Amino acid sequence: GARVDFMVPNRFDNGYGLTPAIVDEAKKDHGTEVLVTVDNGIASLEGIGRAVALGMEVLVTDHHLPGDELPKNCIVVNPNQPGCPFPSKHLAGVGVMFYVLLALRAEMRLRHVFDESTQPRLDHLLDLVALGTFADVVRLDANNRILVAQGLRRIRSGIMQPGVAALFMVSGRDCRKASPFDLGFALGPRLNAAGRLSDMALGIECLLTDDASRALQMAEEQLAALNANEAAGVTDKIAKLGTITVNSYDQIQAARRSYDALSSSQKLLVNNYQILTQAENTYKSLETSVAKASVTGLSSYVYSGQAYKPALQVVLNKVRLQEGIDYKLTFSGNKNAGKAMVKIQGIGNYKGSLTKQFVIYSCSIDAASLSGLKKSYAYRTGGVKPAVKLILNSTVLKKGSDYTISYKSNKKTRKAQVVI
């Protein structure tokens, strides 16, 4: 018979799907003549083209939706390809391959390779079909429900691959009471965790081996990978807590829930747990009343036909609060009295209010004080401009940047006008 092997490309090095580089590796390392894809390939046009160019026969088995162009010069089995009459459109990749094996067996019966009494049994693969279907989170239509139900029935009867039995063991689950939850949330994550290891084929080897002790060893390695992965996820959540404010509650709670959901062995791998406890303690000590806030920037309030809001900075717990998220502002002003009031009202996670009074500055030039006209103005040929000094809001204004000036004079009447 044929020498059958498998490849699980490292997605970090090779990306996803069948690429030309993976095809070259398969030819070089395995001398591949027939290439079968599982759960991928429908979009790998370049990779399949490379395989065909190298003389390989290619069978694509996939369940993903195809693009505008299908692979050429190969056989495609995909219930979602145009024109496919197969009624179950939600098969997982493992389901597609299971039906390929059923079709192959039927074809070999027609060719008299074996008959119904001597043909290979495929029902012993139903535990794998059930696991792959549920772990792939496909829709459980009528067909998929049958596949999963039959696989679970065999597992509960103790009929399963050594690798599946090992995964139940390291997960602490009772295979005699196997449920969809076990497949999707106990066994599935341990298989996926193998993807974080340097040897990404570990999960498949665990399911293929007939050696129960070897299967248990590999399942334990996958458990270690899962523990490391789960701990890394919680570690990352804690690291992202950053500066703690009264708005940090949800983020802190999410990190706490994730940590508490870990097993005792996984918790030992979280090396920044003290940051979470510090964040919780800091949050409890935070002041939430804006009445205790420090306010700066009031001096930027000016009046020019209408009132302009000051560029306020409201700081509480050493954190600058954001208008519209943490507080809202209400202004009242009196141009004639030259005074204004601002009310800072806490919203969201902040409470209380703070009222501040401040001066309304003017930006109207007619309110400025003017000096220098009489002392410096003298008439000589061509006229001499006065050394004007203009002050507004206790500030000396700058000619050119704050105002312009023009003059008109009459030598006979000895009078002049200046327009600022």
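This is a predicted model: local features need pLDDT of at least 70, side-chain atom pairs count only at pLDDT 80 or more; totals for chains, interfaces and linings use all residues.
Which residue follows helix α7, and is its phi positive or negative? The residue after α7 is G172, and its phi is positive, near 70°.

**Helix α7**
- Helix α7 covers residues 162-171, and because 7 of its 10 residues are buried, the helix is largely enclosed by the rest of the structure.
- The buried residues of α7 are G163, V164, A166, L167, F168, V170 and S171.

- In soluble globular proteins, nonpolar side chains tend to be buried together.
- The largest nonpolar core here has 32 residues, and among these V164, L183 and L187 touch the most other members.
- Two or more residues of this core come from each of α4 (93-110), α5 (126-135), α6 (142-156), α7, α8 (180-193), α9 (202-208) and α10 (212-239), with α5 giving the largest share, 6 residues.
- Leaving aside residues up to four places away in sequence, L183 touches A130, L131, F134, A135, L152, I155 and G188.

**The open sheet**
- An open sheet is formed by 3 strands in the order β13-β14-β15, and their pairing is antiparallel.
- Strands β13 (369-371) and β15 (395-396) stand at the edges with a single partner strand each, so one side of each is left without a neighbour in the sheet.
- Strand β14 (residues 389-392) is joined to β15 by 2 bridges, the two strands running antiparallel, and L392 stands opposite T395 in β15.

Terms used
Residues are numbered from 1 along each chain as its sequence is written. Side-chain values use heavy atoms; hydrogens and water are left out. Two strands pair if DSSP finds at least two bridges between them. Helices (H or I, at least four residues) and strands (E, at least two) are DSSP runs, numbered from the N terminus. Buried means under 20% relative accessible area, exposed over 50%, partly exposed in between (1.4 Å probe, protein chains only). A nonpolar core is a set of buried Ala, Val, Leu, Ile, Met, Phe, Trp, Tyr and Cys residues joined through side-chain atoms within 4.5 Å. Contact means heavy atoms within 4.5 Å.
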